[in-house]
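Subject: Structure for you to look at

Hello,

Here is the structure I promised. Please open it alongside this note, and my findings follow below.

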Amino acid sequence: MWGIPKPQNAITIAVSSRVLFNMDKEQQIYEQKGMEDYLKYQIEHEMEPFAPGPAFPFVKALEAVNTRLRELYPESEELFDVVLMTNSHAHAGLRLINTINHHQLFIERFCMTGGNSPIGYLKAYHTNLYLSADPMKVREALEEGIAAATMFNPPEKRTEVSETQLRVAFDGDAVLFSDESERIFKAHGLDKFFEHEKTHENTLLDHGPLKGFLESLGKLQKKFYAKDQRLDCPIRTYLVTARSAASSGTRALKTLRSWGLETDEALFLAGAPKGPMLEKIRPHIFFDDQLFHVEGASQLGTVAAHVPYGVAQKLPQQKPAKENTKDFSAATK
Amino acid sequence: MDSMVRNPDVKQRDAAQAVVVAVSSDAIFTPEVEQVHGATEPLRKGDAFSFMKAIQVVNERLLTLNSDETLLFDVILLSNDSEEKHSRIIASAKHYGLDIGRFCFCNKEDSIESLQSNNVKLFLSTDTNDVCKALQKGVPAALLYHQTDPHHQTEDQLKVVFSGDVIGSSEEMLHGLREQGFTETQLQGFKTAKGSVKEFAILMGEMRRRFGLEGSPLCTGLMTAWSSRDVCASALKTLRGWGLLVDEAFCLAGAPRSPILNLVRPHIICLDGLYHMEGFTAMS
């Protein structure tokens with residue numbers, strides 16, 4: 001068995017058990033009958049592997065990239081490392097390990113915190129991206145400067161995705177970039193938004209929570225380019241934004257360029273729904289800060305993850321928009 | 001030859017039924033840099049203090065549930081100090097109200113014999129070397145984890161972490177360790193760890209079952225530092241067979257242990273008896 005990379009060298013993706021696997025039934029038991037019955041059920045059904053969850057195809061694609069990276073750079077530790085991060089009791093541990101074995105996943109690291117918050121462990125593993133079904137934990141992670149998103153079970157219809165090429169799609173504002181422009185739009189409307197963007201075309205946008213993750217993907221892509229594998233690169237990234245190519249899109253592209261980043265494709269929808277476009281792209285995961293877009297994408301079969309960041313969030317208490325934004329400039333590893 | 005002194009302030013446990021652990025005096029009270037003759041003030045608290053307090057909480061909760069409970073922790077303080085310090089140690093234990101059943105004063109060379117003749121289930125020390133040496137000599141031992149942040153030590157819950165590498169290990173694994181260059185002495189430590197953990201795990205399982213899933217003053221965990229997830233699974237199954245269902249489980253696959261341990265904050269860690277583990281590549 002080959003060595004597992006050290007956390008500080010790898011691109012660590014932490015996934016909770018409920019997004020990696022489908023644990024709907026068990027979750028229901030937990031909510032209706034409590035912890036004891038839930039754990040008893042898990043132990044009784046230990047030999048029954050869980051079905052794949054929303055993050056499963058994404059994780060499989062990460063492994064495909066690793067295989068290609070190992071072929072080209074056998075000594076390197078710059079690989080994806082998937083850690084199972086769950087605050088489940090370890091009583092459910094055997095069923096999770098059996099499931100990992102059944103699906104032949106390459107997950108060797110896990111934390112079952114027995115009810116304690118996993119947030120500290122995310123830091124201990126130098127986590128680059130955290131995916132969970134629990135929006136509270138995702139918010140906590142974002143507040144700690146860790147890229148994170150909430151995943152939901154996609155409806156029955158699921159777009160088929162590639163098993164050999166990892167495809168990741170990002171919204172722009174409040175995901176790759178800060179939410180400053182969205183705040184203008186929310187407060188003053190569309191016209192003011194366009195005006196503002198035109199005036200500030202040459203001013204760089206600030207970093208958003210997923211900028212670091214895009215950067216990590218870009219770093220890996222360059223490793224394939226260096227070995228003449230640009231056309232056959234197993235990683236492809238997309239910007240899918242409501243901005244318009246004619247106007248407000250310029251600022252987004254200029255910002256990315258100045259960061260030394262790029263996406264393979266940039267799709268400016270000028271406010272049109274994202275679902276149909278995503279259906280064509282077939283990403284393994286799509287990150288957006290607005291639930292409306294996440295749901296829209298999901299309905300058409302795309303696995304979409306919600307980044308609860310910025311002014312678009314409807315918090316239970318009306319907090320001022322500024323409070324929920326965190327400076328992500330130091331977040332990249 | 002040792003001198004065993006009963007602590008008059010603590011109700012004596014039934015040593016045959018209790019979980020007898022021996023703790024080094026240097027762990028409970030900070031060793032003094034300068035020995036001042038005739039000093040009488042209490043000794044300063046050592047690294048194992050939060051452990052002592054946590055043990056007390058467990059014992060108290062057990063007795064609250066059942067005043068006739070015999071499955072309690074029974075602590076023996078093991079001291080190699082000079083005679084003039086003995087009374088001061090006893091007085092300090094009284095001063096802090098520590099739940100120490102007996103004081104065992106002996107020479108360093110006689111320590112092992114004292115441990116073996118007093119039905120000690122585990123010798124606990126904050127020094128990794130001492131723990132490994134004890135294991136290598138066949139004495140069941142575990143590490144009292146030195147928590148670096150004094151403001152974050154847990155005193156109201158005792159945490160015990162077992163080694164998945166030890167419990168889930170196979171003969172092939174021992175062979176693999178030999179090939180990796182570990183000496184027979186070190187491997188003896190591993191074998192002792194494996195041989196002695198069962199008894200302690202069974203006792204912890206029994207004790208853990210006295211409490212419910214949540215709000216337990218005793219929390220158990222499994223940590224697999226360098227073995228694969230299958231070894232971890234094997235360890236979980238084995239522990240369950242011994243009656244212990246752990247609360248937390250961690251599989252590190254070679255990742256540095258300190259950042260994780262600083263979050264888990266265990267009091268007792270059952271080591272694998274080998275020395276340096278950082279930088280170890282994971283093996284199946």
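**Between the two domains of chain B**

Domain 1 and domain 2 of chain B bury about 2700 Å² between them, and 73% of that area is on carbon and sulfur atoms. On the domain 1 side, B:Leu71, B:Leu135 and B:Gln136 lose the most area to domain 2 of chain B. Together they account for 22% of what that side buries. Please keep in mind that this is a predicted model.

The bounds are 3-143 for domain 1 of chain B and 152-281 for domain 2 of chain B. Their C-alpha centres lie 23 Å apart. In the contact, 30 residues of domain 1 of chain B meet 31 residues of domain 2 of chain B.

Now the polar side of this interface. There are two salt bridges between domain 1 and domain 2 of chain B. B:Lys121 and B:Glu199 form a salt bridge, with the closest N and O atoms 3.5 Å apart. Four residue pairs are in polar contact across the interface of domain 1 of chain B and domain 2 of chain B.

Which elements supply the domain 1 side of chain B? Helix H2 (49-65), strand S5 (122-125), helix H5 (128-136) and strand S6 (141-144) of chain B each give at least two residues to the side that touches domain 2 of chain B. H2(B) gives the most, with ten residues. By type, the residues of that side of domain 1 of chain B are 20 nonpolar, five polar and five charged.

**Between the chains**

Chain B and chain A bury about 2600 Å² between them, 62% of it on carbon and sulfur atoms. In chain B, the residues that lose the most area to chain A are B:Leu213, B:Arg229 and B:Leu263. Together they make up 26% of what that side buries. The contact involves 30 residues from chain B and 31 residues from chain A.

Two salt bridges cross the interface of chain B and chain A. A:Glu46 and B:Arg240 meet in a salt bridge through their side chains, at 2.6 Å from N to O. Polar contacts between chain B and chain A come to twelve residue pairs.

On the side of chain B that touches chain A, helix H9 (229-241), strand S9 (248-251) and helix H10 (257-264) of chain B each supply at least two residues. H9(B) has the largest share, seven residues. The residues of that side of chain B divide into 19 nonpolar, three polar and eight charged.

Take helix H5 (residues 93-102) of chain A. Eight of its ten residues are buried, so H5(A) is largely enclosed by the rest of the structure. The buried residues of H5(A) include A:Leu94, A:Arg95, A:Leu96 and A:Asn98. Just after H5(A), A:Gln104 takes a positive phi of about 55°.

Then look at A:Thr263. A:Thr263 sits in the loop between helix H12 (249-258) and strand S10 (265-268) of chain A. Is A:Thr263 buried or exposed? Its relative accessible area is 13%, and the cut-off for buried is under 20%, so A:Thr263 counts as buried. A polar atom of the A:Thr263 side chain lies 3.0 Å from the backbone oxygen of A:Glu265. Leaving out residues up to four places away in sequence, A:Thr263 touches A:Leu214, A:Thr237, A:Tyr238 and A:Leu239.

Best wishes

How values were computed
Residues are numbered from 1 along each chain as its sequence is written. Chains are lettered from A and ligands numbered from 1 in the order in which they are written. This is a predicted model: local features need pLDDT of at least 70, side-chain atom pairs count only at pLDDT 80 or more; totals for chains, interfaces and linings use all residues. Side-chain values use heavy atoms; hydrogens and water are left out. Domain bounds come from an automatic or database domain assignment. Contact means heavy atoms within 4.5 Å. Buried area is the accessible area (1.4 Å probe) that two parts lose on being put together, summed over both. A salt bridge is a side-chain nitrogen of Lys or Arg within 4 Å of a carboxyl oxygen of Asp or Glu. A polar contact is a pair of N or O atoms within 3.5 Å; within protein, one must be able to donate a hydrogen and the other to accept it, and residues adjacent in sequence count only if both atoms are side-chain atoms. Helices (H or I, at least four residues) and strands (E, at least two) are DSSP runs, numbered from the N terminus. Ala, Val, Leu, Ile, Met, Phe, Trp, Tyr, Cys and Pro count as nonpolar, Asp, Glu, Lys and Arg as charged, and the others, Gly among them, as polar. Buried means under 20% relative accessible area, exposed over 50%, partly exposed in between (1.4 Å probe, protein chains only).
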